[in-house]
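Reader: I would like a close look at one part of this model. Please take the charged pairs and what surrounds them.

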Amino acid sequence: MSDQPLFSLRNPWFGASVGITAAIAVLSAVAGLIWLPLAQPNLKLAGVWDAICSAAGVPRAAVQETGIKPDFKTSNVVMTSEMLTKVNQVSIGRGATLAQRCAICHGPQGVSDAHSPNLAGQFAAVTYKELNDFKTGARVSVVMSPFAAAMSDQDMKDVAAYYAYLPRVPSNNLDTGRPAPVIVVTGAPMRNIAPCGSCHGDVDNKAGSPWLGGQSAVYIKAQLEAFASGARRNDISQQMRNIARQMTADEIDQVAHYYEAQP
Amino acid sequence: MASETDHSLGEAVAARIERRWATLSIVIVGVLVGMATYIGIHQATMPQGRVETADPKTLHLSGEFVESNLGSEMQADGSVTVRAIGQQYSFTPQCIVVPAETPITFRATSADVVHGFLIEGTNINTMLVPGYVTDLPVRFKAPGDHVMPCQEFCGIGHQGMWGKVKVIDKAAFRDMAAAKRRLTCVD
Ligand SMILES: [Cu+2]
């Protein structure tokens with residue numbers, strides 16, 4: 001016994017154990033890679049090789065079916081959290097010149113009392129996205145659309161960089177002692193409303209969500225109502241319409257006045 | 001002489017025990033493989049048969065997950081395909097409407113981070129992973145309302161993220177589908 005080599009086909013124990021292990025492996029592979037996939041009719045497999053590949057997890061791009069195209073313009077901005085976060089002095093300089101024509105409504109320092117959005121200190125990606133959406137028609141404004149239509153992509157990036165560079169200025173209604181409404185801090189989980197602060201900056205910032213502090217209450221309210229009614233639809237995949245639809249008129253009022261009073 | 005007999009006796013006992021243990025382990029492995037096969041065939045677990053990719057950054061630009069293509073679609077063979085996306089912090093469509101007693105395929109993906117896809121009161125429970133399409137064949141037995149919470153922590157607003165699934169009568173769904181090609185129950 002002891003002089004017999006262990007790993008040898010002449011050793012019946014070795015032969016049997018390796019043979020049985022291999023048989024189990026082959027049977028399991030046949031079951032997992034061929035039988036199980038083919039037993040799922042909805043997979044519509046082209047054959048055994050297709051079954052093996054799909055079960056083994058070979059990725060393939062989702063089939064581009066001819067789905068239903070939107071009957072309105074949607075935003076075509078590809079939003080990432082790194083977008084326009086690099087400070088570029090040349091861009092800011094060009095933006096400062098271009099922004100002169102924005103000053104009538106948005107103020108020479110990016111702040112005004114005209115109920116148009118205050119842009120000083122706004123994230124560059126946000127300003128760029130809105131300009132781009134005005135240009136493509138995803139967002140419509142009698143005043144803004146013609147301005148944006150005349151801007152090149154680089155113009156929009158420059159203006160956005162300039163406003164991001166300007167320091168934020170609090171509104172005349174600044175009141176930091178104002179308690180934050182429940183909807184801002186905890187949202188309304190029972191109505192599918194995440195806290196405003198989880199995207200708009202107080203707690204966390206989601207790419208593309210504007211900083212709302214010091215923004216005109218009239219403007220915030222108008223935008224929330226437009227999202228709720230569907231009059232404004234340039235939020236990517238309904239991310240803001242889903243929220244605004246569920247908000248009560250009272251909540252809209254509360255957040256509008258709260259954010260106006262923030263720095 | 002006596003020691004020689006003891007030796008061969010001991011060898012026989014060892015061989016018998018070894019064979020029994022080997023048989024037992026083989027049976028255990030066999031049962032486990034058989035169990036996995038059985039639940040796979042009877043769809044108690046639904047491992048996805050295919051790995052399909054979709055770029056989370058450009059879902060809204062083209063392909064099947066553009067806003068206007070989301071919702072429930074009646075197929076020519078009478079089955080229903082539901083397309084949805086999860087994003088921080090909501091599902092679109094916010095309310096999914098499907099018929100009872102009908103084969104349904106859920107196709108969903110995430111536009112940002114990993115989200116959960118769970119329909120309460122059913123065994124539907126999977127993940128929406130950015131970059132990949134979740135494809136799930138299901139069937140609802142009876143009409144009723146279900147909540148669909150995101151069950152994978154996806155950020156600070158996670159607790160507010162959930163959708164609704166309305167299972168309605170087959171005939172009522174067919175009437176709705178005749179009027180509109182993508183159905184939702186968002187009010
Ligand atoms: Cu989530």
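Is B:K57 buried, partly exposed or exposed?

Author: This is a predicted model. B:K57 counts as partly exposed, because its relative accessibility is 38%. Buried would need under 20%, and exposed over 50%. The partner of B:K57 is B:D55. Their side chains meet in a salt bridge, at 3.7 Å from N to O. B:D55 has a relative accessibility of 35%, so B:D55 counts as partly exposed too.

Now take B:E52. The side chain of B:E52 meets that of B:R107 in a salt bridge, with 3.1 Å from N to O. This pair links distant parts of the chain. B:E52 sits in strand β1 of chain B. B:R107 sits in strand β6, which covers residues 104–110 of chain B.

B:E52 and B:R107 belong to a network of salt bridges. B:E64, B:E73, B:R83, B:D135 and B:R182 are linked in that network as well.

Next comes B:R50. B:R50 forms a salt bridge with A:D50. The closest N and O atoms are 3.6 Å apart. A:D50 lies in helix α2 of chain A, residues 48–56. B:R50 lies in the loop between α1 and β1 of chain B, where β1 spans 51–53. The pair therefore joins two chains. B:R50 has a relative accessible area of 9%, so B:R50 is buried. Over all chains, the structure holds 21 salt bridges.

Helix α1 of chain B runs over residues 2–41. The unreviewed UniProt entry annotates residues 21–41 of chain B as a "transmembrane region". Over those residues the chain is 100% helix and 0% strand. The end C-alpha atoms of the stretch are 30 Å apart.

B:W21 lies in helix α1. Its relative accessibility is 56%, so B:W21 counts as exposed.

B:K57 is partly exposed, at 38%, and pairs with B:D55.

Methods: Residues numbered from 1 in each chain as written. Chains lettered and ligands numbered in written order. Predicted model: local features only at pLDDT ≥ 70, side-chain atom pairs only at ≥ 80, totals over all residues. Heavy atoms only, no water. UniProt positions renumbered as here; feature names shortened; annotations may be inferred. Helix = DSSP H or I, 4+ residues; strand = E, 2+ residues; numbered from the N terminus. Buried < 20%, exposed > 50% of the residue type's maximum accessible area, 1.4 Å probe, protein only. Salt bridge = Lys/Arg side-chain N within 4 Å of Asp/Glu carboxyl O.
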